[in-house]
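Please read them with the structure open.

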Amino acid sequence: RHKTKMTRIKMNFIKKKKITPQRKNMKYEQTINELQIPHTVGETTGTEENRPAIITRIDILDGDGSAFVLRGVLSQSECEFFIDQAENFGLQDSGYSHSIRRTDRVVAESEQVASFLFERILPFLEPSVDLTGIHDADDSDDGDSEETSGEEKATTASREVPTTKCWPKGVDHSLRRWKWYPIGLNEVFRLCRYEPGGFFLPHFDGGYVRNEFERSIKTCMVYLNDNFEGGPTSFYNDNQLHYHKVNPNNVLYEFKPQAGDVLIFNSKILHDGGAVTSGFKYIMRSEVMYSPTEDSIRHKINDEISALGMFMDEVIQDRGRYCCSVINTMRALELGAIERLFVWENIDALRYILYDKTTDKETTKYVAASGIPKLELDPEMTVRKEEPLLNWICSHCETQSCKLVVVSDRSHLGKQFVMGFDGIGAILRWKVDFDKDCIDQRPCCETSQP
């Protein structure tokens, strides 16, 4: 039949289309500076200032593991050792607009430093960041939760965060839904100096993807001194605008560091570097790197192959019990006709809610997030809401009582699905006449015209 023939053409096309491999083992930032390890590392004797203290963990924010302080990670002499290196390398202006950030920085690299710091903090990290089975894209904080600045809890051992169906606060939504394990620190360190008047407005930290299976989830901030005034690190609720002047009512927690402290938090939690009023403030930043185990990767891919096999069987049988393309799949979802919904984890699509002033009605449109065509609006149309399609699907699938399967392109069936079916499709509970029920059946990259 015509549809079966077209599907076979798509599948044959997959064999010819070149797939660009992901970049591997790229550095966070290039540098010729090599950071040296303190000579006191490994010593168990000596003066008190040369020996690191007993490390304790202090949970902050909601005590859910999204942010915590490790007190006493570095000794006084180790802190001074890193400050001296930073000054010898030569700190220079960060290059940001001074209305956003005013600080000097230098980049240095050392696998040895990354190794010894990771060895000290590892016992206090959660054993894993488990994203398996999470389909809820809710990463919001309503800002109404009770502050915990007076309820800090210190511990000296690692602990497991209670299981939750919600996406972990401050974790990037681009992560594959695997179980991620801490494997080390990013070996590229950024050493910063805040002089009087220095600050960094509220922001997210950028992550670091070394390759497909190694990436950062948490920021690791090392505080090298405390003989300065001002300069706290504060966390904010969602009412605080990024890179804007701070509204004190939006502060969730204000952290005033001690020399040798390490602050660890999920990188997509809004925070700042408060203004230093006197003295110099020195910090050293890296990221905690994570990776799934080979077993979990293999298990995930096997599950994908099994699930996509059912979709491909429906395509081959051509009983009218499947659909593909963004428009048809979303129409079937609205009708409650989907039994199992398949979507690529990197699908390039946005969902728009448009308002027509002349008719006083809202319409939904789907367009490619990148490339051409773009969303073009008539003068009487305005955008009321815009969001990634995957986020919307994750938060609405359960209300439609259908099973969501988020897939990768790691397997041969995954590649076929992404390239032959635009990365979205579904197995239907009943046959849907899309010629009758859906006017526009074009793929997402062709649906940008109102």
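**Notes on the predicted model**

1. Overall make-up. The protein chain has eight helices and 26 strands. The model is a predicted one. Of the 450 residues in the protein chain, 50% are buried. The accessible surface of the protein chain is about 22400 Å², and carbon and sulfur atoms account for 49% of that surface. Taking the contacts in the protein chain between residues at least 6 apart in sequence, 84% join residues at least 24 apart.

2. Cysteines. How many disulfides does the structure hold? The number is zero. A disulfide is a covalent bond between the sulfur atoms of two cysteines. Two cysteines can be looked up for their cover. Cys79 counts as buried because its relative accessibility is 0%. Cys220 also counts as buried, because its relative accessibility is 2%.

3. Strands E14 and E15. E14 takes in residues 233-236 and E15 residues 251-255; the two strands pair in the antiparallel sense, over four bridges. Tyr236 has Val251 of E15 as its bridge partner, and Ser234 stands opposite Glu254 in E15. In a regular strand the side chains alternate between the two faces of the sheet. Is E14 covered on one face or on both? Thr233 and Phe235 are buried on one side, and Ser234 and Tyr236 are buried on the other, which leaves both faces of E14 covered. As for E15, four of its five residues are buried, so this strand is largely enclosed by the rest of the structure.

4. Tyr96 and Phe200. The structure holds twelve aromatic pairs. One of them is formed by Tyr96 and Phe200, an edge-to-face pair with 5.4 Å centre to centre and 65° between the planes. Why does this pair tie together parts that are 104 residues apart in sequence? Tyr96 lies in the loop between strand E3 (92-93) and strand E4 (101-102), while Phe200 lies in strand E10 (residues 199-203), so the pair joins parts with that separation. The two residues can also be checked for cover. Tyr96 is partly exposed because its relative accessible area is 37%, a value that falls between the cut-offs of 20% and 50%. Phe200 counts as buried because its relative accessibility is 8%.

5. Tyr223 and Phe255. The ring centres of Tyr223 and Phe255 are 5.5 Å apart and the planes are at 70°, so this pair is edge-to-face. Tyr223 belongs to strand E12 (residues 214-223) and Phe255 to strand E15, so the pair ties together parts that are 32 residues apart in sequence. Both Tyr223 and Phe255 are buried.

6. Other contacts of aromatic rings. One aromatic cluster is formed by Phe311, Tyr322, Phe342, Phe417 and Phe421. Two arginines are placed over tyrosine rings. Arg101 lies over the face of Tyr96, at 5.1 Å from the ring centre. The charged end of Arg384 sits over the ring of Tyr355, and the distance to the centre of that ring is 4.0 Å.

7. Helix H5. This helix spans residues 326-335 and is mostly covered, with seven of its ten residues buried. Which residues of H5 are buried? They are Val326, Ile327, Asn328, Thr329, Met330, Ala332 and Leu333. Gly336 follows H5, and its phi is positive, near 75°.

8. Gly65. This glycine is placed in the loop between strand E1 (56-59) and strand E2 (67-71). Gly65 is buried because its relative accessible area is 5%, and the cut-off for buried is under 20%. Gly65 and Val129 are 64 residues apart in sequence, and their C-alpha atoms are 10.0 Å apart in space.

9. Arg176. Where is Arg176 found? Its place is the loop between strand E7 (153-155) and strand E8 (179-185). Is Arg176 buried or exposed? Arg176 counts as buried because its relative accessibility is 7%. With neighbours within four places in sequence left aside, Arg176 is in contact with Leu131, Glu212, Glu345, Ser408, Asp409 and Arg410.

Definitions and conventions: Residues numbered from 1 in each chain as written. Predicted model: local features only at pLDDT ≥ 70, side-chain atom pairs only at ≥ 80, totals over all residues. Heavy atoms only, no water. Buried < 20%, exposed > 50% of the residue type's maximum accessible area, 1.4 Å probe, protein only. Pairing = 2+ DSSP bridges. Disulfide = S-S within 2.5 Å. Contact = heavy atoms within 4.5 Å. Areas by Shrake-Rupley, 256 points an atom, 1.4 Å probe, with all protein chains shown as cover. Phe/Tyr/Trp six-rings, centres within 6.5 Å; stacked < 30°, edge-to-face > 60°. Lys NZ or Arg CZ within 6 Å of the ring centre and 35° of its normal.
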